[in-house]
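Please keep the structure in view while reading.

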Amino acid sequence: MFGLIGKFTAKAGTRDNLAAILLEGLSDMPGCLSYIVALEPKDDVTLWITEVWDNADSHKASLGLPSVQAAIGRGRPLIEGMEMVATTSPVGGHGLVPTTS
């Protein structure tokens, strides 16, 4: 499995709208095993994105999906900054079924 942890900093007053955009269309991403959008409780601009994919190629392919491209286009004006915090190799967890690929 392939995992990512990212940090998005939204422009002031836009975090909830950005979160809603990031949550749209998640069911149509082949290979996506988990995609979590979380609010940072210590401020009103930070979002944490935690993703688990069956492999890195599935994640890369998802970036070309029309629904993902549309979300990027709508979300980009609301983003002040982005940071890739970590790539990971998940081994499992509650609700996450390991794959054999």
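## Nonpolar core

A nonpolar core is a set of buried Ala, Val, Leu, Ile, Met, Phe, Trp, Tyr and Cys residues joined through side-chain atoms within 4.5 Å. Buried means under 20% relative accessible area, exposed means over 50%, and partly exposed lies in between (1.4 Å probe, protein chains only). The largest such core here has 18 residues. Phe8, Leu18, Leu22, Tyr35, Val37, Leu47 and Ile49 touch the most other members. Two or more residues each come from strand 1 (2-10), helix 1 (15-23), strand 2 (32-39), strand 3 (46-53) and helix 3 (66-75).

Take Ile49. Not counting residues up to four places away in sequence, Ile49 touches Leu4, Ile5, Gly6, Phe8, Leu22, Tyr35, Ile36 and Val37. Contact means heavy atoms within 4.5 Å.

## Basis of the model

The model is predicted: local features need pLDDT of at least 70 and side-chain atom pairs count only at pLDDT 80 or more, while totals for chains, interfaces and linings use all residues. Residues are numbered from 1 along each chain as its sequence is written, and side-chain values use heavy atoms, with hydrogens and water left out.

## Fold and dimensions

The protein has three helices and four strands. Their order from the N terminus is β-α-β-β-α-α-β. Helices (H or I, at least four residues) and strands (E, at least two) are DSSP runs, numbered from the N terminus.

Along the principal axes, the C-alpha atoms fill a box of roughly 40 × 30 × 20 Å. Among contacts with a separation of 6 or more, 72% join residues 24 or more positions apart.

## Surface and charge

Buried residues make up 35% of the 101 residues. The protein exposes about 6100 Å², and carbon and sulfur atoms supply 58% of that area. Accessible areas come from the Shrake-Rupley method with a 1.4 Å probe; for residues, only the protein chains shown count as cover.

There are 7 positive and 11 negative charges, and their mean positions are 5 Å apart. Lys and Arg count as positive, Asp and Glu as negative; His and the chain ends are not counted. Each charge is placed at NZ of Lys, CZ of Arg, CG of Asp or CD of Glu.

## Selected residues

Ile5 lies in strand 1. Its relative accessibility is 28%, so Ile5 counts as partly exposed. Leaving out residues up to four places away in sequence, Ile5 touches Trp48, Ile49, Thr50, Glu83, Met84, Val85, Ala86 and Thr88. Ala56 is 51 residues from Ile5 in sequence, and the two are 13 Å apart in space, C-alpha to C-alpha.

Is His59 buried or exposed? His59 is buried, because its relative accessible area is 16%. His59 sits in helix 2 (residues 56-62). With residues up to four places away in sequence not counted, His59 touches Phe2, Leu4, Glu51 and Trp53.

## Two further positions

Gly73 belongs to helix 3. At 42% relative accessibility, Gly73 is partly exposed. Its C-alpha atom is separated by 9.9 Å from that of Ile21, 52 residues apart along the chain.

Thr14 is in the loop between strand 1 and helix 1. Thr14 has 14% relative accessibility, so Thr14 counts as buried. Arg76 and Thr14 are 62 residues apart in sequence and 11 Å apart in space, C-alpha to C-alpha.
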